[in-house]
Amino acid sequence: MIKQNNKSYEKQLNHQDVERYDITIVGGGMVGMAAALALSKYDLTICLLENTLAENDTHPSYDDRTLVVNRASICFWKNLGIWDELSEYLTPINKVHVSNKGHFGTVIFDAKQLKVEALAYIVEAKVLGIALKQKIEDHAAIKVICPACVTAFTSYAHFIEVEYDVNHDKKKLTASLMLAADGVQSFIRKSLQLETQIKSYERTAIICNITPELKHNNCAYERLTTSGPTALLPFVNNRCGFVWTLTNEKAVEILKLSDRDFIQQAQTQFGYRLGQFIKVGKRSSYPLYLVKVPRQVKSRVILLGNAAHSMSPVSAQGLNLAVRDVAMLVEVLICSIKNKIDIGADETLNEYQQSIELDQNQTMKYTDDLMNWFKIDESLVSGIRSVGLLTLDHMSGAKSELFTRASGYRGKHTPPLLRYR
Ligand SMILES: Cc1cc2nc3c(=O)[nH]c(=O)nc-3n(C[C@H](O)[C@H](O)[C@H](O)COP(=O)(O)OP(=O)(O)OC[C@H]3O[C@@H](n4cnc5c(N)ncnc54)[C@H](O)[C@@H]3O)c2cc1C
């Protein structure tokens, strides 16, 4: 699949009628689109290839999931000119209430105490996906080909050649660099035979909207239970996004319940902090995995988004981390261009790989700890957890430090796209 240094083929190709770009992006999910927009500000020719039509209900970037957008990501979307367009669909989180089911001890994060306008915001994935698509369609520098399914690619000394199908018609393009944002089952990652470490938690997350009797008052609840963490996220029209982690067997049972029985079980799990649950929406389920790809670059290709890492939605970090990777990528590419280095060369790829490792490792460890620590059901551990929560609640410095990390800021390593301009 990967050929190198084939000079005669390169010469031949230059004379053929094959479109040439600086960057081609495979996958027009939220991450592929974010990368296209972030890079469109620099004098680069970009082609985005997406397989699924946006109107299709099965498109992964157009489902009903609610996304927690942290503060660094808010800067990112603002700098891309997306945030203001979302304003009427956003729900601020003013408080986060963390508790340990069946035990004492809570931690409360409060926007007022932390002197911020909101701790984070909630937006529906569908709303963000549609806003991104519209922005891209209006952008002259980004060519979008959809539906286009990438079926093969070959790397050469000076470019990468990409083959794709458009309605059974085979086409080709070339680029200096290919960004693979083609999702967790990434065809490109598999073709490159990049090592992929998959850890199953043997847990399933059930996601749905729930309307409680009392006002949520923009408070998010995280409950740590023996089957894993459970979250209730404030949303528009007093709806809440419910994320319930269960063993795989239990999830099968719960998914079969009638709405009335489901509400009863969810209520037992969450408690009555928001009164009775009145209404429940469509339920979806996601098996929980941690997908780690230690090396995310090879032969003129960089993996992004779910193709590069995937984690439990319970920590609400997947997209937040992916946009930080994109912000870092922009920095690395600008630097290569300034120094007249080929953007697809190993030197650029290695620089990018180095720049994202620490943040990715820390974020994945945080998510993994959250999934592992709280599934242990021992009274001593539960006691320590409760004491830990109580202590943390009284340590404003520690809370502020935790909040800064969860907000996506990485001190002096925070790239400009993640800062207010
Ligand atoms: C229930 C749930 C809740 C979540 N909550 C949060 C949250 O609160 N905060 C947060 O930060 N993250 C959250 N996440 C994570 C977030 O949704 C993902 O990180 C994000 O959607 C990843 O997007 P992506 O573009 O990388 O992948 P995808 O959305 O999977 O997009 C991949 C795209 O590639 C296309 N494609 C695939 N193969 C090809 C091919 N061969 N040729 C052309 N195109 C191709 C596909 O059609 C698709 O459009 C959540 C995830 C889930 C499941």
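**Entry 1: Asn 320**

I began with Asn 320, which is buried at a relative accessible area of 4%. I take buried to mean under 20% relative accessible area, exposed over 50%, and partly exposed in between (1.4 Å probe, protein chains only). I note that the model is a predicted one, in which local features need pLDDT of at least 70, side-chain atom pairs count only at pLDDT 80 or more, and totals for chains, interfaces and linings use all residues. Residues are numbered from 1 along each chain as its sequence is written, and side-chain values use heavy atoms, with hydrogens and water left out.

I placed Asn 320 in helix H9. Helices (H or I, at least four residues) and strands (E, at least two) are DSSP runs, numbered from the N terminus. The side chain of Asn 320 makes a polar contact of 2.6 Å with the side chain of Ser 73. A polar contact is a pair of N or O atoms within 3.5 Å; within protein, one must be able to donate a hydrogen and the other to accept it, and residues adjacent in sequence count only if both atoms are side-chain atoms. Setting aside residues up to four places away in sequence, I found that Asn 320 touches Val 68, Val 69, Asn 70 and Ser 73. Contact here means heavy atoms within 4.5 Å.

**Entry 2: the ligand**

I looked up the separations between polar atoms. An N or O atom in the side chain of Glu 50 is 2.7 Å from an oxygen atom of the ligand. A polar backbone atom of Leu 319 is 2.9 Å from an oxygen atom of the ligand, and a backbone N or O atom of Gly 318 lies 3.5 Å from a ligand nitrogen atom. The ligand taken alone exposes 1000 Å², and the protein buries 90% of that. Accessible areas come from the Shrake-Rupley method with a 1.4 Å probe; for residues, only the protein chains shown count as cover.

**Entry 3: strand E10 and its partners**

I turned to strand E10 (residues 160-166), which is largely enclosed by the rest of the structure because five of its seven residues are buried. Strand E9 (residues 149-155) pairs with E10 in the antiparallel sense over six bridges. Two strands are said to pair if DSSP finds at least two bridges between them. A hairpin of four residues joins E9 to E10, and Ser 155 has Ile 160 as its bridge partner in E10.

E10 also pairs with strand E11 (residues 169-180), again antiparallel, over seven bridges. Val 166 stands opposite Asp 169 in E11. The hairpin of E10 and E11 has two residues between the strands, and within it Asn 167 takes a positive phi near 45°.

**Entry 4: backbone exceptions**

A cis peptide bond joins Cys 146 and Pro 147, with omega about 5°. Pro 147 sits in the loop between strand E8 (142-145) and E9.

Asn 217 has a positive phi of about 50°. I located Asn 217 in the loop between strand E12 (197-212) and strand E13 (219-225), and it counts as exposed at 57% relative accessibility. Asn 237 has a positive phi near 55°. Asn 237 lies in the loop between strand E14 (228-234) and E15 and is exposed, with a relative accessible area of 66%.

**Entry 5: Leu 246 and the whole chain**

I looked up Leu 246 in strand E15 (residues 240-247) and found it buried at a relative accessible area of 4%. Its C-alpha atom is 7.7 Å from that of Ile 206, 40 residues apart along the chain.

Finally, I noted that the chain has 12 helices and 20 strands. Of its 421 residues, 54% count as buried.
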